[in-house]
Amino acid sequence: MGDETMSSDESCATCGRPATVCVCDRVETFSTRRRVLVLQHPQEQDKLLGSAQLLTACLPDAQIVVGLSWRSLAHALGEDSSGRRELERTWAVLFPDKSASRSRAQRGFSIAGRSGAAVDPATLRGIIALDGSWSQAKTLWWRNPWLARLPRIGLRPDQPSIYGRLRREPSRHHVSTLESVAAVLTASGEDPAIETALRRVFRTMVQRCRDAG
């Protein structure tokens with residue numbers, strides 16, 4: 001997408017962002033072995049600072065589903081529910097974990113099943129992220145009881161969000177949807193270059209937002 005075709009007050013037809021903060025010229029696409037599903041709260045459709053749309057632009061196999069509740073993971077994915085149990089064994093939900101310990105997990109990363117036993121990241125086929133403010137993410141969690149049946153990913157990042165002061169997070173270990181999914185992909189065995197590229201384009205978007213005031 002060439003930004004030179006848009007005036008500064010126009011919006012990009014691809015990402016919906018103003019031309020001054022559009023980063024379609026920097027987007028690289030990657031294939032991953034694991035699928036990514038973003039459950040987005042209806043009030044989080046932020047076309048200026050939202051990271052979920054940028055994540056799916058870089059990962060064509062990732063998808064965003066907007067809503068408040070779904071009957072099951074298969075329903076959220078728009079798939080046949082006959083394989084529900086298999087899906088629930090091989091997908092995990094990413095949810096902020098204040099108790100994650102750096103001493104026992106890489107970058108504060110861990111996956112635990114319903115019994116609390118550790119789950120091997122290599123067995124994951126899919127990752128679910130809840131996209132919204134902290135209160136919106138909690139709403140999605142409580143309105144979808146099937147999420148509690150899935151293995152849960154605890155992630156404590158080793159650095160604060162790239163957002164900085166542009167978007168306030170509840171605490172240091174809360175980062176954007178893009179940053180958290182990127183970190184989990186790396187920790188699960190995906191190519192670290194994917195996380196590097198995702199963070200780079202996200203940082204460019206945030207910087208352009210700052211520059212645009």
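Colleague: How many cavities of 30 Å³ or more are there?

Modeller: Rolling a probe the size of a water molecule over the atoms shows where empty space is left. A cavity is a set of points on a 1 Å grid over the protein atoms alone where a 1.4 Å probe fits but cannot get out. Points are joined across faces, edges and corners, and a volume is the space filled by probe spheres set on them. Here the count is three cavities of 30 Å³ or more. This is a predicted model, where local features need pLDDT of at least 70, side-chain atom pairs count only at pLDDT 80 or more, and totals for chains, interfaces and linings use all residues. Residues are numbered from 1 along each chain as its sequence is written, and side-chain values use heavy atoms, leaving out hydrogens and water.

Colleague: Which residues line the second largest cavity?

Modeller: Lining residues have an atom within 4 Å of a point. For this cavity they are F30, S31, T32, R34, R35, V36, L59, D61 and A62, around about 40 Å³ of space.

Colleague: And at what angle do α5 and α6 pack?

Modeller: Helices are DSSP runs (H or I, at least four residues), numbered from the N terminus. Axes are lines fitted to C-alpha atoms over the stretch in contact, and angles run from 0 to 180 degrees between N-to-C directions. Helix α5 (residues 177-187) and helix α6 (residues 192-212) pack at about 165 degrees, their axes 8 Å apart. So α5 is roughly antiparallel to α6 (angles over 145 degrees count as that). Contact means heavy atoms within 4.5 Å; L178 and A182 of α5 are among the residues making it, as are L198 and F202 of α6.

How values were computed:
On a 1 Å grid over the protein atoms alone, a cavity is a set of points where a 1.4 Å probe fits but cannot get out, and a pocket is an open set with protein on both sides within 12 Å along at least five of seven lines; lining residues have an atom within 4 Å of a point. Helices (H or I, at least four residues) and strands (E, at least two) are DSSP runs, numbered from the N terminus. Angles under 35 degrees count as roughly parallel, over 145 as roughly antiparallel, 65 to 115 as roughly perpendicular and the rest as oblique.
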